[in-house]
Amino acid sequence: MGGVPATALQLIGWPRDAIPFEVLGRVLEGGADVMAAAACTIVGGHSIDDAEPKYGFAVTGTVQTEHLITNDGARPGDVLVLTKPLGTGIIATAIKEGKAEPGVIAAAIETMVELNDRAADAARTVGVSAGTDVTGFGLLGHLREILVGSGLRASVFAGAVPLLDGVLALAEAGVYPGGSGRNLESVTPHLKVDGVDDVMIKILADAQTSGGLLLSISPDAAEALLEQMAARNVTAAIIGEVAEGEAGRIEVHG
């Protein structure tokens, strides 16, 4: 939403009799490293003995009102920009099933630990109409949130959507998370598909962990946004456009 993190409260649930505290120590180190990279101060936390591991932060930050990015301000004619490749949900399932190659795993981890701070800074610098992160509802689900909030429809160009290496082959082999399947079921009534196979549609609905930003921006400013992204070493791609029409409707083209 254009905000900058300031402080974070650490929240931990840990099965102390099932997973060694040495593992928890590595988790805490990872969290501290990321918060340091984000210039966010960890001010404390809470921990409980739990049946399964849980780890996260409650984060407080600030945002200048003129830089506030919401998910309901898209305008007809805007283009859609995506800043991270898709497929982390599929790869995570492949890891659980022992079907992911080391290189595929490494690429997924690399994108998941990458912060969205530089992409957000580029968006603030240029100015965007609307935006969201792409996480649990998948690209199509989060795009639909923007469209419903803005009263618009969109076209997505499937061939322009960046994918993580190995994702297409895994999806073709039937590797697919249950949560992503529910995403697909939820958004299907609002889709019109033209020249795109079922596998690619499934990928577009894949639930992401630490996905990128999906931004709606005037076509006149889109090139400037891509230049600002590139200047910050952020890979970004134009993947679609927004138009007047049935609110929440998504057309996916090959």
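Colleague: Where is the place of V59?

Modeller: Happy to start there, with the reminder that this is a predicted model. The place of V59 is in strand β3.

Colleague: Is V59 buried, exposed or partly exposed?

Modeller: The relative accessibility of V59 is 46%. Buried would need under 20% and exposed over 50%, so V59 counts as partly exposed.

Colleague: How far apart in space are V59 and V128, C-alpha to C-alpha?

Modeller: Along the sequence, V59 and V128 are 69 residues apart. In space, their C-alpha to C-alpha distance is 24 Å.

Colleague: What gives the most to the lining of the largest pocket?

Modeller: That pocket holds about 1400 Å³ of space, and 39 residues line it. Elements that each supply at least two lining residues include α1 (21-37), α3 (102-113) and α4 (117-126). With six residues, the element that gives the most is β3.

Colleague: How many residues of the lining of the largest pocket are charged?

Modeller: The lining divides by class into 18 nonpolar and 15 polar residues, plus a charged group. Counted in that charged group are six.

Colleague: Which residues line the largest cavity?

Modeller: The structure holds one cavity of 30 Å³ or more, with about 30 Å³ of space in it. By class, its lining has three nonpolar, two polar and two charged residues. These residues are T83, K84, E114, L115, N116, A119 and V234.

Colleague: How many residues apart are D121 and R232?

Modeller: D121 and R232 form a salt bridge, with their closest N and O atoms 2.9 Å apart. The pair links distant parts of the chain, with D121 in helix α4 and R232 in the loop between α9 (219-231) and β9 (237-243).

Colleague: In which strand is E251?

Modeller: E251 forms a salt bridge with R153, the closest N and O atoms being 3.9 Å apart. This pair links distant parts of the chain, 98 residues apart, with R153 in strand β6. E251 itself is in strand β10.

Colleague: What separates the C-alpha atoms of S155 and E241?

Modeller: S155 also has its place in strand β6, and this residue is buried, with a relative accessible area of 7%. Along the chain, S155 and E241 are 86 residues apart. Their C-alpha atoms are separated by 5.4 Å.

Colleague: Which residues make the nonpolar surface patch?

Modeller: M1, found in the segment before β1, is one of them. M1 has a relative accessible area of 68%; exposed means over 50%, so M1 is exposed. The patch covers about 300 Å² and is made by M1, V63 and L68.

Definitions and conventions. Residues are numbered from 1 along each chain as its sequence is written. This is a predicted model: local features need pLDDT of at least 70, side-chain atom pairs count only at pLDDT 80 or more; totals for chains, interfaces and linings use all residues. Side-chain values use heavy atoms; hydrogens and water are left out. On a 1 Å grid over the protein atoms alone, a cavity is a set of points where a 1.4 Å probe fits but cannot get out, and a pocket is an open set with protein on both sides within 12 Å along at least five of seven lines; lining residues have an atom within 4 Å of a point. Grid points are joined across faces, edges and corners, and a volume is the space filled by probe spheres set on the points. Helices (H or I, at least four residues) and strands (E, at least two) are DSSP runs, numbered from the N terminus. Ala, Val, Leu, Ile, Met, Phe, Trp, Tyr, Cys and Pro count as nonpolar, Asp, Glu, Lys and Arg as charged, and the others, Gly among them, as polar. Patches are made of residues with over 30% relative accessible area and no salt bridge: like charges are joined within 9 Å, nonpolar side chains (Val, Leu, Ile, Met, Phe, Trp, Tyr) within 5 Å. Accessible areas come from the Shrake-Rupley method with a 1.4 Å probe; for residues, only the protein chains shown count as cover. A salt bridge is a side-chain nitrogen of Lys or Arg within 4 Å of a carboxyl oxygen of Asp or Glu. Buried means under 20% relative accessible area, exposed over 50%, partly exposed in between (1.4 Å probe, protein chains only).
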